[in-house]
Amino acid sequence: MPQELTDAIVSLRIDDAVTLAARMLAAGTDPLEIIAESTEAMQVIGRRFADGEAFIPELIMGGEIMKSISQEVLPEGGGPGTEGPKGTVVIGTVHGDIHDIGKDIVVLMLGTGGFTVHDLGTDVPAQDFVAAIEEHDAGIVALSGLLTLAFDAMRSTVDGIVAAGLRDRVKIMVGGAAVDENVRVYTGADGWGNDVSRALKLAGEWTDGGA
Amino acid sequence: MQHAAEDRLGDRLIANWVSGEHLRFTSDEVRRSYQARARLIVDTIRLEDTGAIPVIPAATQKFALDYGQVTFREAMTEFDKALAAYVRQYEDTDFDAYVGPEFIFPAGMFEALAWNRVRLPGVHLPDDTSFQFVEAEYMKADEYDEYLDDPSDWVLRTYLPRLSPRLEPLAQLPPLRNTLVFHQGLPDLVLAAAENPGVVDAMAALKESGEAVQEWYEYLGRIDQELGGRLALPRLLGAMAHAPFDIISNYYRGWRGTIVDMYTRPEKMKALMERLLPWQLQYGIDGAKAQGHPIVTVYLYKGADGLMSEEQYEEFYWPTLKKLLLGLVDEGLLVWVFTQGKYDSRLHHFTELPAGTCLIHLESGTDAFLAKEVLAGSQCIEGNVSSALLATASVDEVEAYCVRLAEVCGKGGGFMMDFSAFLDEARRENVKKMIEVAKRYGRS
């Protein structure tokens, strides 16, 4: 049945996937095992995305299926309950910008890619990033923004992290459709991306490199 | 055939727009300069090799406002401050056109209704931040049939109440379709207004919002006069129309809801897009007539590379967009197709349209050199100079990129110089260099 569940998720058949998960639960399968199976299926979709074989609809639909399965098999209010083994990421759309589509997909990809992700939402002031880095002992900070006006907010967020004495503890990435190497330099970040798959690659490189 | 072509709406509007008959020019020299620019823009869209490269602005926004030290909040409330800034910006930069009111709408229109689809500077956001749209699920997944059955009723009694708390009482009106004769429906309709103070409040809110729009429309006339009549700049933005897919994803279901629908109720989505298509076409045509403006702009959102596969684009996005574009072109109108995001893999679709009818905007994510290859002889392209480059790079770097654009994309005509999206934080010297390269190339 696990293979059937994986197949249903990878082929994005939401009704079949949720029915299968419910059947596995009724048959006594540990909910966390069902979540682990589902996460592996999501990783297949994530790899296809990275290889250019899948697109954002597949990722978002996969995320919707994950959400439905979690609601089906986990007690109310319970999350997957697994700590990402690769590291902890604090992410948010910077102050003055409320765009969230790209950020939400990055959250999904980092989560299924083995990271613990703390999503601070949109229009996030610098001090909230600083507080979250300290609270969660994060090693990676991801600053998202669609607007070119977000470049200044990204820079002041990085400045805020420097002022709080946390710059040496974190690697910072900036991301958004208009972001490029110039923006990385301008904001003082360590890496940049203008497509959602770049975030997972960067985070992987940084953690493998012992950042 | 020739006679029939001259009778087309678009041809009449092009002639009027190029002549500038809607403007009061401050001198004959200004008139001639305006007409030369407007003619150059039309000829470039028509793919004539004019030997010149027009320079147009997608939207300058904060870049312009900074000329008058005006915040976004002020620009949305004290319109003439924004106008003064635009005048200074256009006096300082040698663009060949201006875009319109810069997508900076009157705050009062939204505030009177507590319109929850926007976040406004000075209300929800810092004063000097652009207003931003909220994309949410304003239409539920199970409402397709209700919409298809009676769209106006859904808009009046479901959509507007969700967009504005002040319009919530409209949900309590009886369906207008019930009001057919006196004894069927009319008493219910008028009683709803008489007995429900909320309905009267909703009408008052609409009136208040409308007054802000009236004030703004007067201001748009002043912009046209100052920038068109005095500075000889044709206005690029006239009527607009939307791709049916984008209406569903941006305004009704949200991106997430739309994607779920693509997998779980594709036929309903397609039915709704087909329903929206003729209305959007008529909206564009009527808008062009009302404004006396031959260019209809279609901003594209969710069809970019990566946002869906080519198969999904061909199944969901392109069919109704193509019909919309063909319908506008068939009227002789010019269409400014404003692609947003990376569009490399979709460009070939524009060759399916009659040659020399569309102006295809490219953001910096799209490969302009590839676009030239794909669209040469088919459609005019413009844009692509990265806003990040203009904001952060040196003048030399900007010059190098723009020279390459002018030499490769400008070859043989069918190209206008423009930046990617909002200029915002661009350095003035970089913007001036971009313009200078286009003019220099044109004269060489």
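In chain A of this predicted model, five strands form an open sheet in the order S2-S1-S3-S4-S5, with parallel pairing. S2 and strand S5 (191-193) of chain A stand at the edges with a single partner strand each, so one side of each is left without a neighbour in the sheet. On average, and with direction ignored, neighbouring strands of this sheet are turned by 20° against each other. Chain A is also in contact with chain B, through 23 residues of chain A and 31 residues of chain B.

**Strand pairing in the chain A sheet**

- Strand S1 (residues 87-93) of chain A runs parallel to S2(A), and five bridges join the two.
- Within this pairing, Thr88(A) stands opposite Thr116(A) of S2(A).
- Strand S3 (residues 140-144) of chain A pairs with strand S4 (residues 171-175) of chain A, again in the parallel sense and over five bridges.
- Ala142(A) has Met173(A) of S4(A) opposite.

**Helix H5 of chain A and the crossover**

- The chain passes from S1(A) through helix H5 (residues 101-112) of chain A to S2(A).
- This β-α-β crossover is right-handed.
- H5(A) lies across S1, S2, S3 and S4 of chain A, and runs at about 155° to S2(A).

- On the side of chain A that touches chain B, the elements giving two or more residues are helix H4 (56-73) and helix H8 (181-187) of chain A.
- H4(A) supplies the largest share of that side, five residues.
- By class, the side of chain A that touches chain B comprises 16 nonpolar, four polar and three charged residues.

**Helix packing in chain B**

- Helix H2 (residues 9-19) of chain B packs against helix H3 (residues 28-45) of chain B at an angle of about 145°, and their axes are 7 Å apart.
- From H2(B), the contact involves Ile14(B), Trp17(B), Val18(B) and Ser19(B).
- From H3(B), Gln35(B), Ala38(B), Arg39(B) and Val42(B) take part.
- Five nonpolar, two polar and one charged residues make up this contact of H2(B) with H3(B).

Definitions and conventions: Residues are numbered from 1 along each chain as its sequence is written. Chains are lettered from A and ligands numbered from 1 in the order in which they are written. This is a predicted model: local features need pLDDT of at least 70, side-chain atom pairs count only at pLDDT 80 or more; totals for chains, interfaces and linings use all residues. Axes are lines fitted to C-alpha atoms, for helices over the stretch in contact, and angles run from 0 to 180 degrees between N-to-C directions. Helices (H or I, at least four residues) and strands (E, at least two) are DSSP runs, numbered from the N terminus. Two residues are in contact if their C-beta atoms, placed from the backbone, lie within 7 Å. Ala, Val, Leu, Ile, Met, Phe, Trp, Tyr, Cys and Pro count as nonpolar, Asp, Glu, Lys and Arg as charged, and the others, Gly among them, as polar. Two strands pair if DSSP finds at least two bridges between them. A crossover is right-handed if, with the strands pointing away from the viewer, the path from the first strand over the helix to the second runs clockwise.
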